[in-house]
Structure formats: structure tokens, C-alpha cells
Amino acid sequence: MHVFADFAARLRAILVTLAAEGVIGHLPDLSRVVVEPPRDPSHGDLATNAAMALAKDLGMKPRDLAEAIAAKLGADADVASASIAGPGFVNLSLTETFWRDQLAKALRDGEDFGRPPPRSDAWVNVEYVSANPTGPMHVGHCRGAVFGDALARLLEFSGEPVTREYYINDAGAQVDVLARSVFLRYREALGEDVGEIPEGLYPGDYLKPVGEALVAAHGSALRNQPEKEWLPVVRTEAIAAMMTMIRADLAQLGIRHDVFFSERSLHGEGGAIDQAVEELTKHGLIYVGRLAPPKGQLPEDWEDREQTLFRATSFGDDVDRPLKKSDGSYTYFAADVAYFRSKFERGFNEMVFVMGADHGGYVKRLEAVGKALSGGAARVSVELCQLVRLFRNGEPFKMSKRAGEFVTLRDVVDEVGRDAVRFMMLFRSNDAVLDFDFAKVVDQSRDNPVFYVQMAYARTQSTLRKAVEAHGELPDSINFSLLSDAGELALIKKVAAWPRIVEQAAASRQPHRIAFYLHELASDLHSHWNRGKDSPDLRFIMENNPLLTHARLGLVKAVALVLASGLGILGVSAPDEMR
RNA sequence: GUCCCGGUAGCUCAGCAGGAUAGAGCAACGGUUUCCUAAACCGUAGGUCACAGGUUCGAAUCCUGUCCGGGACGCCA
């Protein structure tokens, strides 16, 4: 239990006591009561709004209630002072001893520090990337990939079991286009001059090796078959080749998935889609009808006709959604329904979808599917990532989409490195547009947050290495009461804040909070370090004072383990030294 | 026309399950330093939280409306 939760519990106990003593009439609803760090540190270490939040319910004046609470809290051995401020805040300052104990606890917990107890009630499915298997990953996929991976790591760290899933869109018309494109490369590999790649096919060179592999496997046997014969064969091999490439791209970013789920596997007579539609039909959620055309400008090819529709509007969507195309085959959405059902039947009770902002229109229909099929038993959360704008030295970096001229994810990682890509993608709220400047991201200065945070970690490691030379290994028992400098105590408090940051980041599904916290922690470390320049008696390693050195190294070690944990959640390396 | 996201310091952005005098980095300004433990440090200034209503003890945060920017809107996946 972290410091703030700890004191929330103590506060609750105090209210129980006050009720027993008759000071307050009853034990009120505490859901609006918070114990949190005050915005202004001069107000103390903790603040609670309890008196203001509960005054009305208890029929008391906030200040009177605050008096009663502050008196009890002030008697707590860990509380140095309890005061009342403003309209009824109770501000607490905790004893230095209490904070030093938190430091000792952090060191005892080691890499588990900040990790809440595992939850047995959660089983989360995080679906992310799910790029179409028609080519290499490009930068547009990057943010969602990194975000999804970091979110999965964050939830895992928070004790929620996570399965990482990739949905392969291997059933639509575009994988047929892929197959035809590859077939051309196959004929090319057989020695034919295929000339320009026709409009509408994928022109990229990356398909050449796939054509060559087909020759190696089939010789010229496919060449004279009708398309009906060769297409499924070529398609299967092409998709497999694309997925191999995509996995390699992802691996380069440090991303892996537990499950690769094939959309195609849902199709077929009596298959998962049929079953899902049948289930919806049984619940009366499917009908045949007409949709009103969208207001505003009418699509040119709009044709008013009857469709098989899912009653998404019964579950909060704006419009009912079609399940069948005009040729009678299922829509992409129909497969989505079956896919959700698969996840639900596999036991997940939270489905997280990480998507680009251009998929914002999908949120309501996915939520509707979730409600319809799980009866509210599964939570659907959609995390949208806004787009990334590329810059080079401040100049917008245009990429031409035609002729396969796009910036691949591989290009970006090759140029700036995995750590820089990942950290920068996470150093922004995911629903804000992100500017990514190649020059700034590799800059080796404190202006670059990646460098700044990694530098802080490297600094802890070099300090610990040097300390071992000077004083040998850290002993098991350390006298932390020697830590009394304001900068040291501030660092301790920052370290002690870590578990709460993890809790909030996980609850809000916002890994960027981890990145911002790490930047602050690094800043506190650097700034304390710099104080040692002017005041040598504040340096971590004190040649003539091993006991003080040990205490300070304990603090350095705690900072290091939190930095390492945090960077681990972001999937960014914690280097022992900067090169 | 409808829906989603954003609008906070000159710039880039945090903060938003309601809390006190709204924060950080950069830029600006002023000073210190050229040392060293790892790529200088300290300080100052800078705000109608887009706008208007509402909810309440209290709103950047929640609700309604408006404006601006971005995205999306049956049979593509």
C-alpha cells in the first residue's frame, strides 16, 4: 500500500472513531474523499478534502470537522504536523523518519516496488498494431504500436494479466490485390518482363523476394493455372511473408504479440461469423431495413437499399450497422462482431483496442458490440492515438504515398534508435497530435527527454560503481537517519510517489504519465547532483564518511530502481553508461 | 448535418474520477560559472486555462451552447 492509500485508510479509521465517540453522527460515504499531495509543497506532504466533502452530509461546518480530523491525525506518530487551511483542507506533514522508512521499503521491495498486488478478477486483452498484411510497417503504425505495447507492460506491472493480440486482416479484397501483385513478381522471377506495375497493384520492391520464393517452391507450375487456382496459394504465401516481415519490424521496436488472430478463420459456412450473427438474431438484434443516407453531402454512389442490420443504436451507437454487403458476403464489421465474441468466449473481461484517431468512428460500434454480446460483463475500452507529424530540423517532412515512397517504421528505428522512438512516442498524451523531429530526438542534451532520463540512470550506475571502488559493496543495514538534507528528502518523497503514479497511469490507461514522472525524477536527481558541485559535502560519495556514503547510496539505488522500473514499462533501455 | 479529439505562458506541452496563489521544458530577461561528479548553475518575469452560460461551499477539470483547428461518417479493410 502506498503512502496516500495508507493515509486514506488511517483517515477512515479516524472517522469510525469519531462516529463511535459521537463527534459525528454517522460514518459518511467516503467516495468523494481524497488524500493526495497538495499542489503547493509548502502546504505539507499530504492533504485531504475530507472536511469539505463530508461537512454537508454530517451537518457540520467544514472547519469544525477539520478540527476534529486534524486533532486525531496530529496524534499519529508518523505525522509531524496537521493543520487546517483554506476552506477546510487538512494538511499533513509527515516525519522525516516516516519518509526514510519509505526509502528502506523501496529498497526491500526492489524491482517490485510500486507493483500493486495482482488482481484475480481481471483478464485483459490488448489488441494493437493490426496493420494490414500487405506491406512493411510504416511510421503511421508506430505510435499505436508503441502505445499498445507500453500499455500492456504497464497493466502487467500493475498485476493485471494481459494478452497481447494482433488481428490479421487477411480476408478482404486487399489481400487478393496483394496476391495479384505477388503473382506479377512471380512471373518476373521466372524471367518475364512485366514492365510497370499496373495501377491498383502494390508496386513495392519488397514483394520481389516473395515472387522468388514462389518460384523456388512451385517452379513454373502456377504460371499457366487460372487465377481461381493460383490465387489462394499465392495469397497464403504472400500473407505469411508479409507477417514475417511485420513481426521483424515489430521485434526491432521491442514489440511482440501473444496471439496473431486471423480474420479469415472467422469466415466460412457455419463459422464464427455465422454463429455470432445467429446469436444476435436470437436476441432480436438483427433486422432487414434501410438506412438513412448521411446528412450533408450525399456520397455519389449512394444507393438506397435494404440491408441486414445490427441494432447498434440500442447500445448507444449513432446508427445501425450493416452486416452484409450487396453481394451477400459479410462486411468487415460482421467479422468484428465474431472476433469480439471469440475474445469474450476465451475469457477476457476487458478488451482494449488501440487504434489510430482516424478510427474514431469505430468506438461506439465496438462498444455496442461489447454490450450486446457480453451483456455488460466485458468492458470495451478504445484508446485512440492521434497522428504523428514528422519533422527534420523543424521542417515538415512530407512522404509521398505513391510508388511505395513511404517512410517505413524500419527507417525510423534505424535512424534514431528504438529507445528514442519509444520514449518520444510516449512523452505525450495519446490524444494529442505529436510532432516528431528526427534531429531533436537524437540530440544528446538535456533538452532531449530520452537522453535526460537515461542519463539520470547512467549517473546512478556510475556513482554506484565508483562507490564500490571507494567503500566496497553496500551493507544490508543502512542508517538512513543520516539523510537530512532538503534535496535528499525531496528525492525520497519523489521515489515514494512512484506507486501512486503507477496506480493512476494504469487506471487511466495512460502510459505517458510514467514518462512524465520519470522526467521529473531525473530532474530531481540531476538538480541534487548539481548541488554537489558547489557544496562538496552534499556529494553522494564522501571519502571520509562511509556511513553517510552508504545512506546516500541507498537513496541513489532507490532512484535507480524506480528509473529502471519506469523505463522497463516504457520499453526503453536503462543504460549503465552513456556512449 | 452528426460523431470523436484538441484549444492552458511567446513556443512545445503537463495538469482534467472538482479543491487552495494553474505547472514543467524551451525561448526571454538578470546573475553566477569556464569549475567539475557526466554535456553549466541559480534566479526573475511571463496567464481572461478559446468564448458564454449552468451545476456547487469550490470549475482549467463536470453539463449545455458557440467559435477555431484536426479526424471520421452504408456495401473498402
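Guide: Helix α17 (512–534) gives the most to the surface near RNA strand B, with seven residues, where a residue is near a strand if one of its heavy atoms lies within 4 Å of it, and where helices (H or I, at least four residues) and strands (E, at least two) are DSSP runs, numbered from the N terminus. This is a predicted model, in which local features need pLDDT of at least 70, side-chain atom pairs count only at pLDDT 80 or more, and totals for chains, interfaces and linings use all residues. Residues are numbered from 1 along each chain as its sequence is written, chains are lettered from A and ligands numbered from 1 in the order in which they are written, and side-chain values use heavy atoms, with hydrogens and water left out.

Besides α17, at least two residues of this surface come from each of α2 (50–58), β4, α6 (173–189) and α15 (449–471). In total 57 residues surround RNA strand B, the closest being F89, Q174, Y362, R459 and W529. Of the atoms of RNA strand B that come within 4 Å of the protein, 59% belong to sugar and phosphate.

For Q174, an N or O atom of the side chain is 2.4 Å from a sugar or linking oxygen of RNA strand B, while K364 places a polar side-chain atom 3.3 Å from a sugar or linking oxygen.

Six bridges join β4 to β3 (residues 79–85), and three join β4 to β2 (residues 46–48). Residue N91 of β4 takes part in both pairings, as the bridge partner of S83 and as the residue opposite A47. Between β3 and β4 there are three residues, which complete a hairpin, and G86 in that turn has a positive phi of about 55°.

As for the wider layout, an automatic or database domain assignment supplies the domain bounds, and chain A is divided into domain 1 (3–94), domain 2 (173–252) and domain 3 (449–570). The C-alpha centres of domain 1 and domain 2 are 69 Å apart.

Conventions: Two strands pair if DSSP finds at least two bridges between them. A polar contact is a pair of N or O atoms within 3.5 Å; within protein, one must be able to donate a hydrogen and the other to accept it, and residues adjacent in sequence count only if both atoms are side-chain atoms.
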